[in-house]
Amino acid sequence: MDLLPLLSWACIVFTVGMFSTGLTDLKKMRESKSADNIQFLPFLTTCLNNLGWLYYGILKKDQTIILVNVIGALLQILYIIVYLHYTTQKRLVMSQTLAAGAVLTCGWFYFTTVLPEGETQLSQLGLTCSVVTVSMYLSPLTDLVPAHIQYTQTACVKSNEKHKETRKTRKILLL
């Protein structure tokens, strides 16, 4: 009994399910008519990820990889379009999208023109896609950086105020 078709379908179902999680954000944006409190970077990095793996699947001639990433890329493009429609930061979103498009174009040029066809091309593309996948999963953490900076600045200000208060107390005690 060959389990590969069953495993392929399981991968398709679970991966498409994972890519569909953005539908809740899509619903929030449509209901509130705003993209506030929704991150854009995960949509963008997931789209880049899908397009990279789609190219990998085409080169490898793997129908499962192709199908999953066509669906994923289409969903991410939909999320990006809706986000762009509802965001108040259109210039930032457009510049991030254009930068991602430039990275994608440079990558495509490198993998189609610079590298020789065959195993080297496939293995380097697979490695690159794996790195992009890691960045896709890390992208939601970008919201934590401003929070950490704000917490650190607040802690420094409070520490500074406490230090000043201590110096005032010492001066009073010396008098």
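The following conversation goes through a predicted model of one protein chain.

User: What is the average pLDDT of the protein chain?

Analyst: The chain averages a pLDDT of 84, and 81% of the residues score at least 70.

User: Which helix has the lowest mean pLDDT, and which the highest?

Analyst: Helix α7, residues 144-174, has the lowest mean among the elements, at 58. The highest, 93, belongs to helix α4, residues 63-86. Where pLDDT is low, the predicted coordinates should not be read in detail.

User: Moving on to pockets, what volume does the largest pocket have?

Analyst: Its volume is about 350 Å³. The lining consists of 15 residues, and those nearest the centre are Leu48, Gly52, Leu104, Gly107 and Trp108.

User: Which helices supply that lining?

Analyst: Helices α3 (41-60), α5 (90-114) and α6 (119-138) each supply at least two residues. The largest share, six residues, comes from α3.

User: And how many of the lining residues are nonpolar, polar or charged?

Analyst: Twelve are nonpolar, three are polar and none is charged.

User: New topic: how many aromatic pairs are there?

Analyst: A search of the whole structure finds five aromatic pairs. In one of them, the ring centres of phenylalanine 40 and tyrosine 83 are 5.0 Å apart; the planes meet at 40 degrees, so this pair is tilted.

User: Where do phenylalanine 40 and tyrosine 83 lie?

Analyst: Phenylalanine 40 is in the loop between α2 (22-32) and α3, whereas tyrosine 83 is in helix α4, so the pair ties together parts that are 43 residues apart in sequence.

User: Are these two residues buried or exposed?

Analyst: Phenylalanine 40 and tyrosine 83 are both buried. They also belong to a cluster, in which ring pairs link Phe40, Phe43, Tyr79 and Tyr83.

User: What about tyrosine 110 and phenylalanine 111?

Analyst: Tyrosine 110 and phenylalanine 111 form an edge-to-face aromatic pair, with 5.1 Å from centre to centre and 75 degrees between the planes. Tyrosine 110 is partly exposed, with a relative accessibility of 33%. Phenylalanine 111, in contrast, has a relative accessible area of 6%, so this residue counts as buried.

User: Last one: how many salt bridges does the structure hold?

Analyst: The structure holds one salt bridge. Lysine 28 forms this contact with aspartate 25, and the closest N and O atoms are 4.0 Å apart. Side chains of opposite charge can pair when their charged atoms come close.

User: Where do lysine 28 and aspartate 25 lie?

Analyst: Both lie in helix α2, three residues apart, which is about one turn of the helix. Lysine 28 has a relative accessible area of 48%, so this residue counts as partly exposed.

Conventions. Residues numbered from 1 in each chain as written. Predicted model: local features only at pLDDT ≥ 70, side-chain atom pairs only at ≥ 80, totals over all residues. Heavy atoms only, no water. pLDDT = per-residue confidence, 0-100. Helix = DSSP H or I, 4+ residues; strand = E, 2+ residues; numbered from the N terminus. 1 Å grid on protein atoms, 1.4 Å probe; cavity = no way out; pocket = protein on both sides within 12 Å on 5 of 7 lines; lining within 4 Å. Points joined across faces, edges and corners; volume = space filled by probe spheres on them. Nonpolar A, V, L, I, M, F, W, Y, C, P; charged D, E, K, R; others polar. Phe/Tyr/Trp six-rings, centres within 6.5 Å; stacked < 30°, edge-to-face > 60°. Buried < 20%, exposed > 50% of the residue type's maximum accessible area, 1.4 Å probe, protein only. Salt bridge = Lys/Arg side-chain N within 4 Å of Asp/Glu carboxyl O.
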